[in-house]
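Hello,

Here is the structure for your files. My notes on the ligand site, and then on the fold, follow below it.

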Amino acid sequence: MKIGIAGTGRMGSAIAGRLLGASREVVVWNRTQAKTKPLETAGAKVAATPAQLAGQSDIVITIVTDAAAIDDIYGQMLAADVSGRLFIEMSTVRPETEVALAEKVRAKGASMVDCPVGGSVGPAKEGKLLGFVGGDDADVARAKPVLDQLCRRVEHVGSVGAGARMKLAINLPLLVYWQALSEALALCAPLDLDPVRLIDILADTSGGPNMLKTRGASIAATLAGKETTPVTVDIETMRKDLRTMIAEAKSRGFELPVTSSVLECFDAAVKDGWGSRDVTMFPARFLGKAR
Ligand SMILES: NC(=O)c1ccc[n+]([C@@H]2O[C@H](COP(=O)([O-])OP(=O)(O)OC[C@H]3O[C@@H](n4cnc5c(N)ncnc54)[C@H](OP(=O)(O)O)[C@@H]3O)[C@@H](O)[C@H]2O)c1
């Protein structure tokens with residue numbers, strides 16, 4: 001069985017690497033072709049176009065920036081004969097984007113599930129993502145063996161679009177936490193504690209999310225003046241997620257006051273030129289201003 005991956009950015013590359021490591025036959029395509037080189041070296045085939053990728057794959061995974069990227073790539077993939085293919089769409093977008101896409105996929109005689117993921121590049125490389133799947137039972141059953149190689153936990157949460165809804169929900173408290181952590185650190189800055197000790201204390205409290213355990217060392221290093229490299233998830237992507245959550249709530253007739261306020265903080269970071277930096281740098285910027 002051949003698995004196609006369209007979009008080999010940070011997450012797509014990590015997922016492709018994981019599947020290659022599990023001896024899967026993998027074919028990749030990326031708009032910026034240079035990003036497929038390391039995967040080609042690791043044994044992946046490279047398709048020249050999205051249509052060529054979709055035409056030769058049994059299952060196609062996509063994990064790209066946003067709805068516009070999905071439109072561009074699927075517009076080209078669905079031009080090929082894709083009948084019988086299964087598409088697994090993993091980007092973080094609004095549920096309605098996945099629902100509309102699934103209709104187009106079905107019209108071409110193919111199937112689709114959405115499966116946005118929790119966890120970043122590290123968990124993707126290790127097959128320890130959290131997968132939230134939306135789709136028909138039969139399609140989810142078909143996707144499951146591949147998802148099980150990528151995820152430590154796969155939750156089928158409803159029909160197509162349900163995965164996207166769940167993903168926005170799990171990211172919301174985490175994104176609010178980045179600003180909450182920034183403000184907490186500003187409050188205790190006069191203590192001048194060693195950043196490693198400070199993050200360790202915060203991680204051991206009820207207010208400390210799991211993320212502090214996995215990314216705490218990186219955050220502490222940024223507080224000591226170090227830049228986080230390589231970037232695993234950038235501030236601009238987190239800002240996109242906040243905007244997506246707010247748009248989703250608005251379309252259903254309610255506001256997200258805390259999320260909206262956090263978006264303003266992320267807007268300010270991007271305005272200051274921090275958009276391409278890793279999100280673990282986010283508190284360091286705020287602290288620099290609060291001193
Ligand atoms: N990074 C994380 O920790 C993480 C975790 C969970 C979920 N996510 C979600 O996963 C998705 C990808 O994130 P990422 O961090 O991997 O982003 P990334 O490294 O910036 O990669 C984005 C990918 O989208 C492609 N793309 C963007 N616009 C396109 C267009 N118009 N046409 C064709 N391709 C286009 C890019 O192609 P080029 O290389 O040509 O630009 C690249 O392959 C996002 O929805 C993000 O919210 C990310």
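Three helices, α1 (10–21), α4 (67–77) and α11 (235–251), each supply at least two residues of the shell around the ligand. Helices here are DSSP runs of H or I with at least four residues, strands are runs of E with at least two, and both are numbered from the N terminus. This is a predicted model, where local features need pLDDT of at least 70, side-chain atom pairs count only at pLDDT 80 or more, and totals for chains, interfaces and linings use all residues. Residues are numbered from 1 along each chain as its sequence is written, and side-chain values use heavy atoms, with hydrogens and water left out.

The ligand is surrounded by 26 residues (a heavy atom within 4 Å). The closest are N30, T32, K35, S120 and K240. The shell divides into seven nonpolar, 12 polar and seven charged residues. Nonpolar means Ala, Val, Leu, Ile, Met, Phe, Trp, Tyr, Cys and Pro; charged means Asp, Glu, Lys and Arg; the others, Gly among them, count as polar.

Now the polar contacts (N or O pairs within 3.5 Å). A polar side-chain atom of T32 sits 2.5 Å from a ligand oxygen. For S120, a polar side-chain atom is also 2.5 Å from an oxygen atom of the ligand. G9 uses a polar backbone atom, 3.2 Å from a ligand oxygen. On its own the ligand has 900 Å² of accessible area, and the protein covers 89% of that (Shrake-Rupley, 1.4 Å probe).

Next, the fold. The structure holds two aromatic pairs (ring centres within 6.5 Å; planes under 30 degrees apart are stacked, over 60 edge-to-face, the rest tilted). One is Y74 with F87: the centres are 5.5 Å apart and the planes are at 55°, so this pair is tilted. Y74 lies in α4 and F87 in strand β5 (residues 86–89), so the pair ties together parts 13 residues apart in sequence.

Helix α8 has a kink of about 25° at L172, shortly before the proline P173. The bend is the angle between axes fitted to the seven residues ending there and the seven starting there.

Two backbone points remain. T229 and P230 are joined by a cis peptide bond, with omega about -10°. P230 is in the loop between α10 (210–223) and α11. S23, in the loop between α1 and β2 (25–29), has a positive phi near 65° and is not a glycine.

Best wishes

Technical notes
A polar contact is a pair of N or O atoms within 3.5 Å; within protein, one must be able to donate a hydrogen and the other to accept it, and residues adjacent in sequence count only if both atoms are side-chain atoms. Rings of Phe, Tyr and Trp (its six-membered ring) pair if their centres lie within 6.5 Å; planes under 30 degrees apart count as stacked, over 60 as edge-to-face and the rest as tilted.
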